[in-house]
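Here is a short report on one protein model. Read it with the structure open beside you.

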Amino acid sequence: MATCKNCHRTINRLDSDICPYCGCENPIDSQYKTMDFTSNLKQYGGADALYRSKKKAVYILLTFLLGYFGIHEFYILKPKKGIVEAVITVLFVAAVGTVLFFLTPLKGFGFLAAFGGIWLFYVILGLFLLNKTSLKDGKEEFLR
């Protein structure tokens, strides 16, 4: 805060034409400079810098294309969930593919059919996420 050059009371910078206490004209020295608080913000950068949330369109596109690997969960900073989805995909394809391998005459297509089922699941999930508006990332910020 600035001080009046006549009565030395603390005054607001907006009172630069007349001091509200003593009535002195132009109470603030021409040499007076306000503190620039933005000069101190650089030290607070780095880890505490402003966080920009992830994009919903990229999240849904990753769900459509690579959802079975859990890549979309890694994108929104939920790696544990992504790893679980990838493991479930591998186990599902292995289990259902093995059953179809032994029960159908088309031996190699059992695994392909199991993988196609997982892929279809993630396409349907992506269509469901298109209508959902309250998607959050790993830092509890809404997707933009």
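In which helix does Thr63 lie? Thr63 lies in helix H1, residues 56-66. Helices (H or I, at least four residues) and strands (E, at least two) are DSSP runs, numbered from the N terminus.

This is a predicted model, in which local features need pLDDT of at least 70 and side-chain atom pairs count only at pLDDT 80 or more, while totals for chains, interfaces and linings use all residues. Residues are numbered from 1 along each chain as its sequence is written, and side-chain values use heavy atoms, with hydrogens and water left out.

**Thr63**

Is Thr63 buried or exposed? Thr63 counts as buried, at 0% relative accessibility. Buried means under 20% relative accessible area, exposed means over 50%, and partly exposed lies in between (1.4 Å probe, protein chains only). Leaving aside residues up to four places away in sequence, Thr63 touches His72, Tyr122, Leu125, Gly126 and Leu129. Contact here means heavy atoms within 4.5 Å.

**Helix H3**

Helix H3 covers residues 79-103, which is 25 residues. The expected span of a helix is 1.5 Å times one less than its number of residues. For H3 that gives 36 Å, and the end C-alpha atoms are 36 Å apart, so the two agree. The buried residues of H3 are Gly82, Glu85, Thr89, Val93 and Gly97. Their cover includes helix H2 (71-75) and helix H4 (109-131).

**Salt bridges**

Side chains of opposite charge can pair when their charged atoms come close. The rule used here asks for a side-chain nitrogen of Lys or Arg within 4 Å of a carboxyl oxygen of Asp or Glu. How many salt bridges does this rule give? The count comes to 2.

| Salt bridge | Closest N and O atoms |
|---|---|
| Lys81 with Glu73 | 3.9 Å |
| Lys136 with Glu140 | 3.9 Å |

Take the Lys81 pair. Lys81 is partly exposed, with a relative accessible area of 43%. Glu73 counts as buried, at 2%. In the other pair, Lys136 is partly exposed at 33% relative accessibility, and Glu140 is exposed at 53%.

**The largest pocket**

Rolling a probe the size of a water molecule over the atoms shows where empty space is left. The search runs on a 1 Å grid over the protein atoms alone, with a 1.4 Å probe; a pocket is an open set of points with protein on both sides within 12 Å along at least five of seven lines, and lining residues have an atom within 4 Å of a point. The largest pocket has a volume of about 160 Å³. Its lining holds 13 residues, and Tyr59, Glu73, Lys81, Leu129 and Leu135 lie nearest its centre. H2, H3 and H4 are the elements that give two or more residues to this lining. The largest share, 3 residues, comes from H4. By class, the lining has 6 nonpolar, 1 polar and 6 charged residues. Two names return here: Glu73 and Lys81 are among the residues nearest the centre, and they form a salt bridge with each other.

**Positive phi in loops**

His8 is not a glycine, yet has a positive phi of about 65°. His8 sits in the loop between strand E1 (2-3) and strand E2 (10-11). His8 is exposed, at 60% relative accessible area.

Leu77 also is not a glycine and has a positive phi of about 65°. Where is Leu77 placed? Leu77 is in the loop between H2 and H3. Leu77 counts as partly exposed, at 38% relative accessibility.

Conventions. Grid points are joined across faces, edges and corners, and a volume is the space filled by probe spheres set on the points. Ala, Val, Leu, Ile, Met, Phe, Trp, Tyr, Cys and Pro count as nonpolar, Asp, Glu, Lys and Arg as charged, and the others, Gly among them, as polar.
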